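Visitor: I'd like a quick walk through this one. Can we take it piece by piece?

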Amino acid sequence: EEVISGHPEVVEVAVTRVVDAKHGEMPKAVVVRKEGSGIDANDVIRYCEKKLSRHKVPRVIEFVKELPKSAGGKVVYKKL
């Protein structure tokens, strides 16, 4: 999350895990991009590849308008 949130076109991000047939599970990033941003999943993956070890790079990227949050303002990961 820290690495992806450093991307200049990302507003906020949450990283969770998804089931993968080959590896058991893999990281998935749910990203809120800046309004008018043109970044896509490949841009996020390439950005991460420069800063993270290979097994930590999310291969699944989902873009949303906002992250689900609790009344206290924390991300609700179960809803991702």
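**Strands, core and contacts**

Guide: Strands β2 and β3 pair in the parallel sense, over 4 bridges. Keep in mind that this is a predicted model.

Visitor: Which residue in β3 is the bridge partner of V31?

Guide: F63 is the bridge partner of V31.

Visitor: And how do β1 and β2 run?

Guide: β1 and β2 run antiparallel, joined by 10 bridges. They form a hairpin, with 3 residues between the two strands.

Visitor: What is the strand order in the sheet?

Guide: The order is β1-β2-β3, in an open sheet of 3 strands. The pairing is mixed.

Visitor: Which strands stand at the edges?

Guide: β1 and β3 (60-63) do. Each has a single partner strand, so one side of each is left without a neighbour in the sheet.

Visitor: What does the twist average?

Guide: From one strand to the next, the twist averages 25 degrees.

Visitor: Tell me about T16. Buried or exposed?

Guide: T16 counts as buried, because its relative accessibility is 19% and the cut-off for buried is under 20%. T16 is in strand β1, which covers residues 10-20.

Visitor: What is T16 in contact with, leaving aside neighbours within four places in sequence?

Guide: T16 is in contact with M26, P27, K28 and L80. K28 is also the bridge partner of T16.

Visitor: How many residues of β2 are buried?

Guide: 7 of its 10 residues are buried, so β2 is mostly covered. V32 lies in β2. V32 counts as buried, because its relative accessibility is 6%.

Visitor: What does V32 touch, not counting residues up to four places away in sequence?

Guide: V32 touches V10, V11, E12, V64, K65, E66 and L67.

Visitor: E66 is on that list. Where is E66 found?

Guide: E66 is in the segment after β3. E66 counts as exposed, because its relative accessibility is 62%.

Visitor: How many residues apart in sequence are E66 and V32?

Guide: They are 34 residues apart in sequence. In space, they are 5.9 Å apart, C-alpha to C-alpha.

Visitor: And what separates the C-alpha atoms of V32 and S5?

Guide: A distance of 9.5 Å separates them. V32 and S5 are 27 residues apart along the chain.

Visitor: New topic. How many residues are in the largest nonpolar core?

Guide: The largest nonpolar core has 11 residues. They are I4, V10, V13, A29, V31, I39, V44, I45, C48, V57 and I61.

Visitor: Which elements each supply at least two residues of this core?

Guide: β1, β2 (24-33) and α2 (41-51) do. The largest share of the core comes from α2, with 3 residues.

Visitor: Take I61 from that core. What does I61 touch, not counting residues up to four places away in sequence?

Guide: I61 touches A29, V31, A41, V44 and I45. A29, V31, V44 and I45 are among the residues of the core too.

Visitor: What about H7? Where is its place?

Guide: H7 is in the loop between α1 (2-5) and β1. H7 counts as buried, because its relative accessibility is 10%.

Visitor: And which residues does H7 touch, not counting those up to four places away in sequence?

Guide: H7 touches I39 and Y47. I39 is one of the residues of the largest nonpolar core.

Visitor: Rings, then. How many aromatic pairs are there?

Guide: The count comes to 0 aromatic pairs, with a cut-off of 6.5 Å between ring centres.

Visitor: Which charged end sits over the ring of F63?

Guide: The charged end of R33 sits over the F63 ring, 3.9 Å from its centre. F63 is also the bridge partner of V31 in β3.

Key:
Residues are numbered from 1 along each chain as its sequence is written. This is a predicted model: local features need pLDDT of at least 70, side-chain atom pairs count only at pLDDT 80 or more; totals for chains, interfaces and linings use all residues. Side-chain values use heavy atoms; hydrogens and water are left out. Buried means under 20% relative accessible area, exposed over 50%, partly exposed in between (1.4 Å probe, protein chains only). Contact means heavy atoms within 4.5 Å. A nonpolar core is a set of buried Ala, Val, Leu, Ile, Met, Phe, Trp, Tyr and Cys residues joined through side-chain atoms within 4.5 Å. Rings of Phe, Tyr and Trp (its six-membered ring) pair if their centres lie within 6.5 Å; planes under 30 degrees apart count as stacked, over 60 as edge-to-face and the rest as tilted. A charge sits over a ring if NZ of Lys or CZ of Arg is within 6 Å of the ring centre and within 35 degrees of the ring normal. Two strands pair if DSSP finds at least two bridges between them. Axes are lines fitted to C-alpha atoms, for helices over the stretch in contact, and angles run from 0 to 180 degrees between N-to-C directions.
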